[in-house]
Amino acid sequence: MMGSGGFGGDNHHTQPMAEINTTPMVDVMLVLLVIFIITAPLLTHSIKIDLPQAGSQSNPEKPDIVTLSINGEGKLFWNDAPFEEAELASRLGTEAQKKPQPEVHLRADKQTNYQQLAMVMSAAQSAGIEKLGFVTEPNSKK
């Protein structure tokens with residue numbers, strides 16, 4: 001036999017160490033626990049302030065709806081009341097100044113001339129009307 005214990009040519013196969021040294025991990029966990037115990041009361045401390053009270057509107061006002069109708073002969077109706085074409089620009093201008101601005105619903109007969117519709121739409125745009133909708137009937141045939 002050669003030497004008694006070195007790195008020599010022993011044919012002893014030693015088992016690797018199967019235990020994990022947990023002492024450093026326990027030390028770290030204890031340090032973290034102490035830090036948490038010290039800082040936890042500081043995190044729950046709050047500053048007392050008097051916050052302002054604010055009220056909110058429940059719902060904004062719904063705008064009015066103005067119905068502008070044109071029959072087959074080209075006659076104009078403002079909310080089902082007849083009026084002259086010369087008054088159209090002034091009526092639309094008055095409605096455009098309101099806050100909130102009303103919606104204008106345009107109802108036209110099937111026989112209405114496209115030129116008449118284009119004139120009404122142009123007058124509404126010139127007056128500053130932001131919401132102009134077309135009213136139609138659903139098709140009953142499927």
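Is Phe-83 buried or exposed? Phe-83 is buried, at a relative accessible area of 7%, where buried means under 20%, exposed over 50% and partly exposed in between, with a 1.4 Å probe and protein chains only.

## About the model

This is a predicted model, in which local features need pLDDT of at least 70 and side-chain atom pairs count only at pLDDT 80 or more, while totals for chains, interfaces and linings use all residues. Residues are numbered from 1 along each chain as its sequence is written, and side-chain values use heavy atoms, with hydrogens and water left out.

## Overall layout

The protein holds 3 helices and 5 strands, which follow one another from the N terminus as α-β-β-β-α-β-α-β. These elements are DSSP runs numbered from the N terminus: helices are H or I with at least four residues, strands are E with at least two. Of its 142 residues, 16% count as buried.

## The sheet

The 5 strands make an open sheet with mixed pairing, in the order β3-β2-β1-β4-β5; two strands pair if DSSP finds at least two bridges between them. β3 (81-83) and β5 are the edge strands, each with a single partner, so one side of each has no neighbour in the sheet. On average, neighbouring strands are turned by 30 degrees against each other, direction ignored. The axes behind this value are lines fitted to C-alpha atoms, for helices over the stretch in contact, and angles run from 0 to 180 degrees between N-to-C directions.

Let's look at one pairing in detail. β1 and β2 (residues 76-78) run antiparallel and are joined by 3 bridges. Here Ile-70 stands opposite Leu-76 in β2.

## An aromatic pair

Phe-83 has a ring partner: Trp-78 and Phe-83 form an edge-to-face pair, 5.9 Å centre to centre with 90 degrees between the planes. Rings of Phe, Tyr and Trp (its six-membered ring) pair if their centres lie within 6.5 Å, and planes under 30 degrees apart count as stacked, over 60 as edge-to-face and the rest as tilted. By this rule there is 1 aromatic pair. Trp-78 counts as buried too, at 9% relative accessibility.

## Backbone details in the loops

Most residues other than glycine have a negative phi, and most peptide bonds are trans. In the loop between β2 and β3, Asn-79 has a positive phi near 50 degrees. Asp-80, found in the loop between β2 and β3, has a positive phi of about 70 degrees. Asn-79 is partly exposed at 40% relative accessible area, whereas Asp-80 counts as exposed at 59%.

A cis peptide bond joins Lys-99 and Pro-100, with omega about -10 degrees; Pro-100 sits in the loop between α2 (88-97) and β4. Another proline, Pro-63, lies in the loop between α1 (23-44) and β1 and is partly exposed at 26% relative accessibility. Pro-63 and Gln-101 are 38 residues apart in sequence, yet 6.2 Å apart in space, C-alpha to C-alpha.

## The largest pocket

The largest pocket holds about 460 Å³ of space. On a 1 Å grid over the protein atoms alone, a pocket is an open set of points where a 1.4 Å probe fits, with protein on both sides within 12 Å along at least five of seven lines, and lining residues have an atom within 4 Å of a point.

Its lining has 15 residues, and Ala-108, Asp-109, Lys-110, Val-135 and Thr-136 lie nearest the centre. β1 (65-70), β4 (103-108) and β5 (132-135) each give two or more residues to the lining, with the largest share, 3 residues, coming from β4.

Key:
Grid points are joined across faces, edges and corners, and a volume is the space filled by probe spheres set on the points.
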